[in-house]
Amino acid sequence: MSEPAETRKLGQYFFIFMLAALFAVQWSPAAKGCDKTGKLPDAESAATVNGKEIPLREFARRYNAQLEGMRRQGMPAEFAKQFGMDKQVIDSLVDLELIAQAADARGIRATDEDVKDLLLKQPEFQVDGHFDAERYREIITNYEGMTEVAFEDKMRRQIASQRLLELVGAGAVVSDDEVKARYLKDGNTANVTYVRFNPTMFTEKIGTMKQADVDAWAKGHEKEIADYYEANKISYFVPEKVKARQILLRVAKDATPAQKDDARQKLENVRKQVVDEKKDFGELAKAVSEDLGTKEKGGDLGWVDKLSLPGDFADRLFALKPGEVSMVVESPIGFHIGMLEDKKAPEQKPLDTVKGVIAAQLAVREKAKAVAQAEAEKALAELKKGKKLSELFPSEAKAGENKFQFQTETKPEAKETGEFASSAELIPQLGAAPQAMKAIFARTEAGPIDQVVAVGEGFAILNVEERHPTSDADYAGKQTQLKVDAIKAKKQELESAFRKSLKQSGNVVVNDKAVARVIGEG
């Protein structure tokens, strides 16, 4: 029997990891969204919750811990921004504070003995299996950045919060009918090995088509070309661009206010030399700029769009007229001044100018798709002869290798989905594949799916490794555990509803500017 679906569905994959990582901090309940209303709090707080501040250092500590966890998992740091990790961390801190306040308002308290018991059990405070007072003081001083009294008060509130959640969850009750309905929904499971054949895997076999062949193909596919253009119009939009120069003075993230003021003043003096004394911007850039990529070129950035530059600097630069010099602008890496030399207005390339490029792409894709289907059919024939997919298309992934892989597949490889239910919207790793889902659950036992199935733009062949249909006998054997699982799920629903009600009735204010500074956007 393969391991349970919830431990094998590695993606939806990044989201599951992110949630698990956020909740791994001890005593941290799950978090949902934050409201943003009212006046911004002090710059040293990340947020206020019903008037109580959440220190910015607490946000920074948790955010950086999550960032380091991502790196250890082999995931690019850029994913933190893409998936809103800063908001998830803020939300978790807000959630903790709301629940702690709710526990206090209901008179739920933790005693000194409760705190002591919890302290003694924490492995990070132990040396050779025993609580070590010196290690405890060192950790809370250097890592938590607080006194023993403050840390123990924080623990006291977290213990009380957990007790409140336990009281909320204590009302979870499920009937036998609910348990049976849950089983019928989630108990019909399969574990599948599949091999995907995407057209992109075979484009090299097609190579570059002759122009005459592309032109001939285009004549019979005018509508397809036009539809592709409309669906991908953004790809043929050229944003506004400027030709500009810059001078950058770098400032470390941990620079003191005095160091920042010194760099700003130095660049103000450089700007004055350009604007008032009419000195050559390019020569000054060669002399003082700390941007190694443009310094020797006199600060020449070439033609750039807004996304190529730090936000505030880009806004100031694009607002200039040719020949003008910007004010000094601060960014996460230092201070900038820029001089605009020329501008190009934004442009939407018309269909006629890109028709040939689109035709070439689609013609190659069509041929590659035909090759992909033919390769899938050949592989299916081998599967039906009793060959194993893992032998026909061995995976290059090694045991113990990072499970969170986001690269595009470049060749057919055998992969295993892990156990999943017929109620799932997606097949783990394979994604949305209605034809495959139908074929898998039409079987009642293990064995190959006897057809090539369409998956997105490509195809797949599948072998059902394990098949567990629902049955009365199976239900009877699992009923006790199913009831435990159903009650657990009900508790989570009650806790989630309780948290939502606290947010709706509370006043939460997030200090976006302070948070942006921590994550390097301000």
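In the predicted model, the axes of helix α13 (residues 257–275) and helix α14 (residues 281–288) come within 10 Å and cross at roughly 155 degrees, where axes are lines fitted to C-alpha atoms, for helices over the stretch in contact, and angles run from 0 to 180 degrees between N-to-C directions. Helices (H or I, at least four residues) and strands (E, at least two) are DSSP runs numbered from the N terminus. The two helices α13 and α14 are therefore roughly antiparallel to each other, a term applied to angles over 145 degrees. Their contact, defined by heavy atoms within 4.5 Å, is made by V270, Q273 and V274 of α13 together with F281, L284 and V288 of α14.

An open sheet of 3 strands has the order β2-β1-β16 with antiparallel pairing, two strands being paired if DSSP finds at least two bridges between them. Its edge strands, β2 (52–55) and β16 (508–510), each pair on one side only, and neighbouring strands are turned by 20 degrees against each other on average, direction ignored. Strand β1 (residues 45–49) is joined to the antiparallel β16 by 3 bridges, and the bridge partner of V49 in β16 is V508. Helix α5 (residues 85–105) packs on this sheet, where α5 touches β1, β2 and β16, and the direction of α5 makes about 35 degrees with that of β1.

Residues are numbered from 1 along each chain as its sequence is written, and side-chain values use heavy atoms, with hydrogens and water left out. As the model is predicted, local features need pLDDT of at least 70 and side-chain atom pairs count only at pLDDT 80 or more, whereas totals for chains, interfaces and linings use all residues.

Key: Angles under 35 degrees count as roughly parallel, over 145 as roughly antiparallel, 65 to 115 as roughly perpendicular and the rest as oblique.
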